[in-house]
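Thanks for taking a look at this one with me.

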Amino acid sequence: MPSVSVIITSHDRPALLARAVASAHAAGRDVEVVVVDDASEDKTAEVCRDLESIKYVRIERNQNVAGARNVGILNSTAEFITFLDDDDLRLPDTLDRQASMLQSKPDAGFVFGQALIDDGSGNPPTDYYPRHCPQGDVLAQLLTQNFIPCGSVVFRRSCLFRVGLLDASIPGIDDWDLWIRIASLYPVQAVAQPVMIWRKSSPTSGQGTSHADRMVVLSTRQFQNKWSKIARVRVESDEARQQISRQFSRNMGCHLLVEASRSLSYGRLGEALSNSLIAVRLHPRGTVQTIIGAATRSRQKRAAATITNVSVRETK
Amino acid sequence: MPKVSIIIPTHHRPHFLQRAIASALNAGSDVEVIVVDDASRDDTSSVCRSIAGIKYIRLDHNQGTAGARNVGILASTAQFIAFLDDDDLRLPGSLDLQVAALDRNSAAGFVCGAMIMADQDGAPTAEVLGPTWASGDVFWQLLELDFPVLPLSVVIRKECFSKVGLLNTELQGIDDWDLFVRIAELYPVLVLAEPVGIYRKPTASSGQLSSAQAQHLSRAARHLSCLLELPRVRSLAPKDRDALQSRALNRIADTLLWHAREATNKGSYKFAVNNVVSSLWIAPKRTLTHVTYRNLGPILFNQKLGASNLDH
């Protein structure tokens, strides 16, 4: 039996699929690659027929990413599972490394790593995330922000029998939700090294993640209805819960403003405005804090610049 | 490898569960019984751990019936899947019967049988509910809710889930209908006349999830518009599609009003009003016609008659 199942979901985007599959095979000695074709209407089926040693599963009626990932899990056999998007890359040998980490720590639920960010500019990726890779009990941190690159996670199949499958009703944050449910019951491990290359979405790439406003609305609802009601969160003190909720709100506000400024840089005024408005409506406090923080920083920067100028002039 | 897995999702009902499990173990010669405990906080786990020969899965995060069934499907090692609710029963040998039917017809997606209705104590009544249509393409009947089938009465080929996806966890109470429609869109369905299970019929006050009928039927009415987007429906002429939609909505309204009348007879007026209001939303014209001519009409007429009798 293979040690890791890599589940690659694909919908009408066969261009980069072969590369993703090859990277998955190179990432471990004993890897099972399951390609889930989510009712593509293009050449995806043909492309997959040419690929060697994959398990090809074709869904006839489109299920969205989370639903397709669940079908992939159903068709996989390994003890450890990881997801890979069809436009991302796994780095060589990283799956073996993560699998052996899980083997040596039987109580850990999953192990995640860093992702190099491919911004689509054609230049080699220089940026990566997350900067810090916390280990152990990461629930509180994870509740306020999804710092885990989805494709970097290798998780234990047995976790699913305690926390359930991916929630297909929250496409786009389904992975975050699963990590939270797992982290509420299991300690987590991390490698502070890149294990994958993540292709960042741009407004033109048509990826789900480019709809920041929708994601934040969905996350906020999920936070209020589900995450804040997790048994381990409920038993926390009022103060601790309030702190988590404030931090969540601040991060969401910040995220929307960053996305708004990105939209602005792409010349998408409407999107920028809608992001900002949602930020203010859902997370007034977090948004105001972010804006004040940014303004103070830029004033400090200006002040620093003035001082440098002055000192430069003085030395002249 | 077992031939068929029977998945029993359960939540806070250990007293019924034991009987259900016993019936599942007896229902076939090569059965894998999977009990998915959906985060119960009572003695469900100790009850399950005391029963030999079952696979017991305990969820720590409540997933709802559909989510728990999905976890059961993931745990299954068999080629065929059956479901059983914790307060229903499977009849002895019924799984063998259905598995044999699927083995004989390799193209069929699932096979369904008839169900014996039981009262609140689980005692069988003489009422037997079964599909009235022959085996084959029953997609349209299922879509129009004209095909009595429940998770209790089916055995599904597991590969269907890879073609149409798993159960939709957003559709509490109607996730089964949604699944059957999606499978029947692509696969022929087998129909057996034999009863395969005993269904504990919900009543207005039983506290079973199915007694939230108004809610579920309203959800079905809303979800219908999604199902009308399925390719086979889209291939219809717009006129036929509209006709199909109104037939289905009228059927939902009829069901709601029928339950409303039953409830009125038993004095549960709140339930009845609830149903009439829902029905009014779903199919206003149908509801008004019904209420005026079949219910309100006769009542008013009788009263008038009574009044005129007094005059004389």
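What share of the contacts in chain A with a separation of 6 or more is between residues 24 or more positions apart?

1. The share is 75%. Two residues count as in contact here if their C-beta atoms, placed from the backbone, lie within 7 Å.

2. A word on the source: this is a predicted model, where local features need pLDDT of at least 70, side-chain atom pairs count only at pLDDT 80 or more, and totals for chains, interfaces and linings use all residues. Residues are numbered from 1 along each chain as its sequence is written, while chains are lettered from A and ligands numbered from 1 in the order in which they are written.

3. Along the principal axes, the C-alpha atoms fill a box of roughly 70 × 50 × 40 Å.

4. Chain A carries twelve helices and nine strands. These are DSSP runs numbered from the N terminus, with helices (H or I) of at least four residues and strands (E) of at least two.

5. The domain assignment, which is automatic or from a database, gives domain 1 (4-200) and domain 2 (212-301) in chain A. Their centres, over C-alpha atoms, are 26 Å apart.

6. Eleven residues of domain 1 of chain A are in contact with eleven of domain 2 of chain A. On the domain 1 side, helix 5 (139-144) and helix 7 (174-183) of chain A each supply at least two residues, and helix 5 of chain A gives the largest share, four residues.
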